[in-house]
Amino acid sequence: IIQERLMLELLVFAISIVHIALCLKSIAYGCACMIAVKLLIPVIARVGPVSLNTFILIVLCFFIFIRNKHTLKDYWRRIAVFPFKYLALPLAVLGIAGVVPYINQIKGLVQFSVTELLPFLIMIYAIKNDKDIKMLTRVIVCSYIVIGIYSIFSYIIHFNPLILSFATAFNYEGEYFYDYSEESAVRGVLTSRATGNQTGSISWGQITLVLLAWGLLSPNMKKNLPDFKVLKAGGIRFLFVAIALVNAFMTTKRSTLVPVFFMIFVYIVRQGIKVKKIMCYSMIAFLLVGLCYSFSETFRDFYESNIKTSIFFWNDKLAEQQGLSGSNKEMRLHQVVYVNNLIENHFFMGLGYGYPEIHSQKYGNNSDALFFESLYLYAIASSGYIGLFIWLLFFYVNMKTTKKSFANPLYNYLFHGSYMLSVFLTNISLSLSYYMILSAFLARDRYINAKAL
């Protein structure tokens with residue numbers, strides 16, 4: 001164990017040195033390192049008192065400040081700071097009326113801004129030309145393919161050695177083993193849950209969802225990928241999307257599966273495939289599914305327990321019959337009533353940023369709030385209904401930054417809407433930074449490609 005811990009600490013130290021060297025070369029290379037680390041290395045990893053991810057962000061900010069702070073046009077400077085202007089700052093102002101000590105709120109908001117919002121600003125400053133776009137596309141795709149395949153492997157063996165190794169080395173005390181315990185071992189016919197480099201399947205599901213949306217809907221992804229003799233750019237994209245789909249299913253989370261099904265359905269409908277082809281493919285698919293359903297008990301259990309319960313996600317009795325845990329409509333209603341009663345005297349401005357964490361630490365699941373299992377509940381508890389409006393405005397402004405980034409305007413709503421649906425189903429779980437990174441990437445990709453025309 002001591003040798004393993006030493007090796008992992010040396011690995012993190014080496015990554016830190018490589019990251020500084022890459023930042024010396026260019027901010028875009030530093031961003032590539034940031035993305036690779038976020039996808040491949042567990043968030044548990046630390047450099048001294050801070051996490052590895054935070055250290056990487058601090059280094060990037062330092063190099064941006066000394067080298068790149070005056071390189072953007074005024075429009076892009078305004079875009080780069082919009083998450084702080086439209087989300088972090090208003091939430092800080094609303095916190096003045098809360099019951100949570102204000103200094104604790106500011107500490108929480110600073111941490112949230114650095115880990116979840118700052119990557120957006122860094123990506124806006126880093127991406128300057130088509131070369132950067134291609135390089136970052138390849139890093140995202142390759143990193144996710146590697147961790148996606150590993151996630152499938154860890155799902156098969158019912159054990160995530162990557163998480164366990166880092167948790168042991170860096171004294172992580174969270175429930176990193178939860179999704180592999182006997183208590184949660186059977187999720188329908190799926191006997192474990194995919195977690196990738198995360199400590200839980202909810203966060204991995206949301207990360208996979210936003211990457212799948214980018215891979216499926218991005219108009220320029222194929223041209224930014226390399227062509228190999230054995231595997232062309234289209235094949236790499238197909239592999240990326242296929243691995244993301246498998247991981248989405250293996251999370252077994254309805255907060256992932258429902259947006260995925262909706263997104264794929266809309267995508268297929270809007271692709272403009274001829275009716276005859278659609279009918280032909282549908283008949284073949286139904287035939288294969290029918291044969292599998294008839295002759296394979298495993299497939300039949302998989303369909304009943306995971307696909308059917310996701311399509312009919314509102315049917316709590318169906319989920320209960322298949323042994324799927326999670327909050328049903330009645331529990332959600334109790335949460336809504338409880339949290340609204342909780343903020344009765346703080347209806348507009350909430351109880352202060354970070355209140356849900358304080359409440360959860362005090363009561364655990366012994367109150368009807370449970371763990372504030374929706375962005376709606378978290379937002380109104382922390383910042384009231386004005387705070388909820390601020391969150392919606394934030395998503396709307398972010399949607400506007402990518403409005404010309406897709407071949408079909410509907411895909412822009414689909415990219416953002418699928419993620420919004422997921423977080424309103426089950427709250428933001430360490431996934432917002434990935435959504436912000438890809439939003440910045442799409443905005444800059446559109447701008448750079450438009451200039452090249």
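The protein averages a pLDDT of 84, and 80% of the residues score at least 70. pLDDT is the predictor's confidence in each residue, from 0 to 100. This is a predicted model, where local features need pLDDT of at least 70, side-chain atom pairs count only at pLDDT 80 or more, and totals for chains, interfaces and linings use all residues. Residues are numbered from 1 along each chain as its sequence is written, and side-chain values use heavy atoms, with hydrogens and water left out.

- Over residues 175-191, pLDDT stays under 50.
- For this stretch the model has 47 contacts beyond four places in sequence (contact: heavy atoms within 4.5 Å).

**Helix α7**
- Helix α7 spans residues 161-169 (helices are DSSP runs of H or I, at least four residues, numbered from the N terminus).
- Its buried residues are Ile163, Ser165, Phe166, Ala167 and Ala169 (buried: under 20% relative accessible area, 1.4 Å probe, protein chains only).
- Their cover includes α1 (2-25).
- Asn171 follows α7 and has a positive phi, near 55 degrees.

**Cavity**
- The count is 1 cavity of 30 Å³ or more (cavity: a set of points on a 1 Å grid over the protein atoms alone, where a 1.4 Å probe fits but cannot get out).
- The largest cavity has a volume of about 70 Å³ (volume: the space filled by probe spheres set on the points, which are joined across faces, edges and corners).
- Its lining includes Ile35, Lys38, Tyr434 and Leu438 (lining residues have an atom within 4 Å of a point).
- α2 (27-40) and α18 (432-452) each give two or more residues to this lining.

Conventions. Buried means under 20% relative accessible area, exposed over 50%, partly exposed in between (1.4 Å probe, protein chains only). On a 1 Å grid over the protein atoms alone, a cavity is a set of points where a 1.4 Å probe fits but cannot get out, and a pocket is an open set with protein on both sides within 12 Å along at least five of seven lines; lining residues have an atom within 4 Å of a point.
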